[in-house]
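Hi,

Here is the structure I promised to pass on, with the sequence alongside. My notes on the pockets and the aromatic residues follow below.

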Amino acid sequence: MTKVLIDCDPGIDDALALALAASRLEIVGITTVGGNVDLSLTTANALALREFLDLGDVPITPGAAGALLRKTVRAPHVHGDTGLGDVVLPPAVRPAAQGHAADFIIETLAASPGEITLIAIGPLTNVALAVLREPRIVEWARKLIIMGGSYTRGNHNPAAEFNMLADPEAASIVFEAGWQVHMMGLDVTLTALVTSDVLDRMRGLGRLSDLVVPAAQYYGVISADGGPAIHDAVAVAYALDPTLVTCVPAQVNVETMGRYTAGMTVTDFKVSQGNAQVATVLDVKRFWDLVTGAYEELARRLG
């Protein structure tokens, strides 16, 4: 199984992504960052999800509460006051690990160079801090996959996707660190829509349905033709099967100075070799076959 370290800000779609990872990936650690909601809530949600998904002793280490330089940006209007919408999970019994997420990222990658894929599905503050403290992590990570950015549009505002807008300086550091960033942006994640057919497949998952069904429904109206996108799961699906996504090499720079465009991922495809592999097309049918199949496997284990 592919070994992954997941940096996240749960978050409804983070929860759905963690459920996908729990089914078919070896999670060596989870780090949390302030993003969709405050760090105290993202960490509490990650701890509750660890127990609900039966992840055992996977360490959960909290990190940055806010952006490197900017005022806090949150999205409770999207994810609800707790971050998990209408999902109700038992509170966690076991606490978070001691230390800081950035140090955990460094230590974990250093201990297994070339073996662990880093998946970042929240603001990139923890990853940027890790890069600043130990630049060699760009060599130690097997791959870096992020959910964030876009080459065509924003969602939190016309220019910027939420994770990039929440900490543009951190995102800029990560993109300029010297590794290939595999960017799963809005251009593909907005095609990963929960339709009524997908929701029907989620309803028969036993205890797991208590998580995935209300999470999928909270974002918006679901119909036969469309519904809400579950952005973060695309990054995990890409780790499981890169052939699901068409990626194109590009040079991506993150705008940090613009009055109206801070967090914009300025993407140049007219390069032979850039700093990123940018997702342009998602095979939606195969994506949902993978996700629902993985959920079915996990549901059998959870009962």
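The lining of the second largest pocket is made up of 10 nonpolar and two polar residues, with no charged ones. Please keep in mind that this is a predicted model. The residues along that pocket are Leu41, Ala44, Asn45 and Ala48, then Thr82, Leu84, Val87, Val88 and Leu89, and finally Pro90, Pro91 and Ala92. The space inside the second largest pocket comes to about 170 Å³.

The largest pocket holds about 340 Å³ of space. It is lined by 22 residues, and those closest to its centre are Val78, His79, Asn155, Phe162 and His231. Sorted by class, the lining of the largest pocket has five charged, seven polar and 10 nonpolar residues. Which helix gives the most to this lining? That is helix 3, with three residues. Helix 3 spans 76–79, and at least two lining residues each also come from helix 1 (12–24), helix 7 and helix 12 (231–240).

Now to the aromatic residues. There are two aromatic pairs in the structure. In one of them, the ring centres of Tyr151 and Phe269 are 5.1 Å apart and the planes stand at 85°, so this pair is edge-to-face. Tyr151 sits in the loop between strand 5 (143–147) and helix 7 (162–166), while Phe269 sits in the loop between strand 8 (265–268) and strand 9 (276–282), so the pair ties together parts that are 118 residues apart in sequence.

One more ring may interest you when you have the model open. Which residue lies over the face of Phe52? It is Arg207, at 4.5 Å from the ring centre.

Happy to go through any of this with you on screen.

Best wishes

Conventions. Residues numbered from 1 in each chain as written. Predicted model: local features only at pLDDT ≥ 70, side-chain atom pairs only at ≥ 80, totals over all residues. Heavy atoms only, no water. Phe/Tyr/Trp six-rings, centres within 6.5 Å; stacked < 30°, edge-to-face > 60°. Helix = DSSP H or I, 4+ residues; strand = E, 2+ residues; numbered from the N terminus. Lys NZ or Arg CZ within 6 Å of the ring centre and 35° of its normal. 1 Å grid on protein atoms, 1.4 Å probe; cavity = no way out; pocket = protein on both sides within 12 Å on 5 of 7 lines; lining within 4 Å. Points joined across faces, edges and corners; volume = space filled by probe spheres on them. Nonpolar A, V, L, I, M, F, W, Y, C, P; charged D, E, K, R; others polar.
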